[in-house]
Amino acid sequence: MPKIRASAVTRSFGRGPRTVAALGPLDLDVDPGEFVCVVGPSGCGKSTLLRIAAGLLRPSSGALELRTDATHPAAMIFQDYGIYDWKTVLANVRFGLDVQRAPRKEADARAAAWLAKLGLADFADAYPAALSGGMRQRVAIARALAVEPEILLMDEPFAALDAQLRTILQDELLALTQATSATTLFITHSLEEALVLGDRVLVMSARPGRVIAERRTPFARPRTGDVRSDPRFTALKDELWELLRGEVGRRAPDAGPAPASGEGAAA
Ligand code: ADP
Ligand code: MG
């Protein structure tokens, strides 16, 4: 039984002649413990897919099912962090545990442990405004992982960070997810990121986004960021970029400016 199953999911926005077909039809199975990355051109429906998976949006047709239980629910991490500015760092990380009505002492201890793991122990009582972008994203990761989620849904979580920090957080996420049995659906516009992190990489077409290609990464687990210098990494990245490039060229007129170069990024 897959942990995540999408069956002919579609989503459109608006009505009548202004209807925008944003997504699908799309089928997807993610196995327990699997880390699946989805890449696709800007505006192809990636966030729409993730929001449907998170239950924030209903599909127009088809179905998307997550298999979780109440004590280990799905957790989300977004590009804009989604942390609360009026809560301390510790309270942000404790948030999901509070929602689950975990006893306060236990919740504080678990939140503090995750903060320590992500190098934020000294900032437990700080407010997010005092943190850098990278630290805020670490808070969001700690908050998501603190609930020991069975399913982790991430929408371009590192896109707003500079390249060095992105690399560091990718490596951290790799170590963290390999230490748990979480099932992960990870949206990115970076092929490199997808290849470092994923067991499988799915390439989406231009809007309405469908899966046009799928590759299994040949790197054993547990792996580290060293796979970036594996010759197979470069070969696979080039192969996927060829597929993606065609779709970026076919982008919808409302999808924003074209990318400046083909450095493995599609958005
Ligand atoms: P991506 O995350 O791949 O960049 P999105 O899923 O955000 O793409 O959007 C896919 C398409 O759906 C885009 O054309 C976008 O403008 C449209 N769209 C997304 N959300 C809405 C909405 N709430 N109302 C109208 N159109 C939307
Ligand atoms: Mg998006």
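## Ligand shell and helix packing in a predicted model

By class, the shell around ligand 1 has 5 nonpolar, 6 polar and 3 charged residues (Ala, Val, Leu, Ile, Met, Phe, Trp, Tyr, Cys and Pro count as nonpolar, Asp, Glu, Lys and Arg as charged, and the others, Gly among them, as polar). This is a predicted model: local features need pLDDT of at least 70, side-chain atom pairs count only at pLDDT 80 or more, and totals for chains, interfaces and linings use all residues. Residues are numbered from 1 along each chain as its sequence is written, while chains are lettered from A and ligands numbered from 1 in the order in which they are written.

**Ligand 1**

- Ligand 1 has 14 residues around it, of which Phe 13, Ala 22, Lys 46, Ser 47 and Thr 48 come nearest (a residue is near if its C-beta atom, placed from the backbone, lies within 6 Å).
- Helix 1 (46-53) and strand 2 (20-30) each give the shell at least two residues. Helices (H or I, at least four residues) and strands (E, at least two) are DSSP runs, numbered from the N terminus.
- Helix 1 provides the largest share of the shell, 3 residues.

**Record and overall make-up**

- UniProt lists residues 4-231 for "domain: ABC transporter", in an unreviewed entry. UniProt positions follow the numbering used here, feature names are shortened, and annotations may be inferred rather than shown by experiment.
- Residues 4-231 are 31% helix and 26% strand, with the end C-alpha atoms 31 Å apart.

**Helix 2 with helix 4**

- Helix 2 (residues 89-99) packs on helix 4 at an angle of about 30°, and their axes are 7 Å apart. Axes are lines fitted to C-alpha atoms, for helices over the stretch in contact, and angles run from 0 to 180 degrees between N-to-C directions.
- Helix 2 and helix 4 are therefore roughly parallel to each other (angles under 35 degrees count as roughly parallel, over 145 as roughly antiparallel, 65 to 115 as roughly perpendicular and the rest as oblique).
- From helix 2, Val 89, Asn 92, Val 93, Phe 95, Gly 96 and Leu 97 meet Val 139, Ala 142, Arg 143 and Ala 146 of helix 4 (contact means C-beta atoms, placed from the backbone, within 7 Å).
- The contact of helix 2 with helix 4 has 7 nonpolar, 2 polar and 1 charged residues.

**Helix 4 with helix 5**

- Helix 4 (residues 133-146) and helix 5 (residues 163-178) have axes that come within 11 Å and cross at roughly 15°.
- Helix 4 and helix 5 are therefore roughly parallel.
- Gly 134, Gln 137, Ile 141 and Leu 145 of helix 4 meet Leu 165, Leu 169, Leu 173 and Leu 176 of helix 5.
- This contact has 6 nonpolar, 2 polar and no charged residues.

**Helix 2 with helix 3**

- The axes of helix 2 and helix 3 (residues 104-117) cross at roughly 125° and come within 9 Å.
- Helix 2 and helix 3 are therefore oblique to each other.
- The residues of this contact divide into 9 nonpolar, no polar and 4 charged.

**Backbone details**

- Arg 101, in the loop between helix 2 and helix 3, has a positive phi near 60°.
- The peptide bond from Arg 207 to Pro 208 is cis, with omega near -5°. Pro 208 sits in the loop between strand 8 (200-204) and strand 9 (211-216).
- Arg 221 and Pro 222 are joined by a cis peptide bond, with omega about -5°. Pro 222 lies in the loop between strand 9 and helix 7 (231-249).

Definitions and conventions. Two residues are in contact if their C-beta atoms, placed from the backbone, lie within 7 Å.
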